Amino acid sequence: MSAADFFNFFHLNLYIYLIYACLMDDTFTWERGPFEKCPRCLGQTFGLLGAGRDLITLRCTKCRYSYNEVLPKVDKACIYLDQFMFSTIFKIKAGGQAPPGHRDFYEELIPLLRRVVLLQQAILPHSDLHSNETIVFHDPRGLRDAYEDIGGDASLHNSDEIEMHQVLAFARAFRDGGEPLLTFTPDAILHGSRNGWLPDMRVSVNTDYSQFADGIRRSRDEGFAALKELVAAWTKEKPPFREILRRESQFGQHRRMALLSVIQRMVNIGTDGDSIGMINATLAPVWREFRMLYKFLGQGASEDVAMLRVSTFWDWPRLHEMPFNRIFAYLFAAFGRRVTMGQRKFTRGLMTDFRAIAAYAPYVDAMFVDRECALLLGEGELHRDLHYRARIYSYANKEEFLAYLRELEARATGEVRGYAGRIYGITSPP
Ligand SMILES: [Zn+2]
């Protein structure tokens with residue numbers, strides 16, 4: 001069994017393997033090869049016990065002598081892969097075919113991504129927008145494992161949280177004067193640290209999300225139905241890009257309408273006593289945002305004044321600069337223009353893709369997204385007016401994405417390659 005197989009095997013079923021190994025095989029050791037000469041007992045029995053974050057631990061299988069080495073520092077790029085890419089990789093790994101026309105691409109991509117991740121040059125974090133899609137996928141558990149297997153175990157803040165964080169930064173500037181303070185680096189939106197070495201073996205927590213699938217499917221279908229209505233209206237009215245952008249940027253109006261509808265739901269629930277429904281209503285992002293702003297802007301004021309302050313803030317023209325709103329509104333308007341020009345087809349996940357780009361493009365280093373979305377971002381006004389950190393890739397420039405990953409791979413130093421080989425059993429050309 002090679003070290004890489006060993007690693008995969010561990011990852012798949014650590015506990016069963018360990019119990020089996022301990023019971024059935026008295027040659028089992030916690031340490032693994034390659035074994036070196038032990039500094040204390042001089043046996044060829046000094047192996048890897050474990051690694052992760054910034055340490056590797058080596059131990060002798062015989063005399064138990066052990067020591068830690070500090071792993072070299074790394075600086076990982078943060079790459080967001082769209083849901084469809086994760087699920088395609090998952091399907092290919094499970095024996096399926098690459099999508100037509102992309103076979104060569106995936107043939108190079110899959111091992112390349114793995115090398116880049118294990119050489120500690122990039123993380124491919126998971127997001128709540130993935131989870132929502134994962135849950136409705138036919139094999140949610142398998143796909144979730146695949147995220148962890150392909151991407152390491154990093155995850156991004158929820159898109160709602162990112163939006164809320166930006167709203168708060170703007171509310172502070174609104175209340176106290178000065179500029180909104182926001183930092184556009186991956187670390188600002190990552191859970192945990194970006195630059196720790198991946199553990200040498202990971203145990204997946206197999207949470208079963210299928211119980212939520214119906215609710216998410218339903219809310220996604222509702223969103224899809226609302227979008228279809230809007231598309232029908234655009235088809236008739238044919239509003240120009242600027243007009244759709246103007247409507248979509250009316251932050252205050254949208255927020256008040258959304259808030260009103262949540263309050264209406266609460267009132268209805270109040271009369272029939274549905275406590276789960278009530279909890280859901282209080283979890284609505286607009287309600288949480290309203291409560292936060294009410295406290296933050298209304299300190300010491302009467303109820304009426306506090307509410308008025310929230311409403312005035314929601315109409316603050318500077319909110320047009322808020323990255324999440326701005327990117328989302330532009331994408332939406334560009335999509336609207338396509339519709340007025342005759343495009344009738346769009347995917348069910350379109351709004352999720354827009355949310356992902358609006359939330360993450362300002363912070364991450366690169367994104368691989370749906371081709372249609374990438375093309376929208378390349379259109380005149382979007383190209384000119386939107387500024388964000390991420391390089392955008394899609395099937396439209398997939399060769400460039402491979403080149404970017406090769407460049408990341410080449411950044412790994414000899415020392416990092418040495419440790420990565422030892423810990424994860426990967427070999428990579430220097
Ligand atoms: Zn020893």
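Where does Thr-45 lie? Thr-45 lies in the loop between β1 and β2. This is a predicted model, in which local features need pLDDT of at least 70, side-chain atom pairs count only at pLDDT 80 or more, and totals for chains, interfaces and linings use all residues. Residues are numbered from 1 along each chain as its sequence is written, and side-chain values use heavy atoms, with hydrogens and water left out.

**View 1**
Helices (H or I, at least four residues) and strands (E, at least two) are DSSP runs, numbered from the N terminus. Thr-45 has 9% relative accessibility, so this residue counts as buried. Buried means under 20% relative accessible area, exposed means over 50%, and partly exposed is in between (1.4 Å probe, protein chains only). Contact means heavy atoms within 4.5 Å. Leaving aside neighbours within four places in sequence, Thr-45 is in contact with Phe-35, Glu-36, Cys-38, Arg-59, Cys-60, Thr-61 and Lys-62.

Which protein atoms are the donors of the zinc ion? They are the SG atoms of Cys-38, Cys-41, Cys-60 and Cys-63, lying 2.3 Å from the ion. Donors are N, O and S atoms within 2.8 Å of the metal (3.2 Å for Na, K and Ca); water is not among the atoms, so sites may look incomplete. The site is tetrahedral, with angles of 107 to 117 degrees among the four donor atoms. Four donors count as tetrahedral if all angles lie between 85 and 135 degrees. Along the chain, the donors follow the spacing C-x2-C-x18-C-x2-C. Cys-38 lies in the loop between β1 (32–36) and β2 (46–52), and Cys-60 in strand β3 (residues 55–60), so the pair ties together parts that are 22 residues apart in sequence. Both Cys-38 and Cys-60 are buried.

Two strands pair if DSSP finds at least two bridges between them. β1 and β2 pair in the antiparallel sense over two bridges. Here Glu-36 stands opposite Phe-46 in β2. Six bridges join β2 to β3, and these strands run antiparallel. Gly-47 stands opposite Arg-59 in β3, and Gly-52 stands opposite Leu-55. The β2 and β3 hairpin has two residues between its strands; Arg-53 in the turn has a positive phi of about 55 degrees. Five bridges join β3 to the antiparallel strand β4 (residues 66–70). Leu-55 stands opposite Val-70 in β4. The hairpin of β3 and β4 has five residues between its strands, and Arg-64 in the turn has a positive phi of about 70 degrees. β2 is mostly covered, with six of its seven residues buried.

**View 1. Tyr-106 meets Tyr-395.**
The whole structure holds 30 aromatic pairs. Rings of Phe, Tyr and Trp (its six-membered ring) pair if their centres lie within 6.5 Å; planes under 30 degrees apart count as stacked, over 60 as edge-to-face and the rest as tilted. The rings of Tyr-106 and Tyr-395 have centres 6.4 Å apart and planes at 80 degrees, so the pair is edge-to-face. Tyr-106 is in helix α3 (residues 103–118) and Tyr-395 in the loop between β10 (391–393) and α17 (398–410), 289 residues apart. Tyr-106 is buried, with a relative accessible area of 2%. Tyr-395 also counts as buried, at 17% relative accessibility. One aromatic cluster is formed by Phe-84, Phe-105, Tyr-106, Phe-368, Tyr-393, Tyr-395, Phe-401 and Tyr-404.

Terms used
Tetrahedral: all angles 85-135°; square planar, octahedral: opposite > 155°, others 65-115°.
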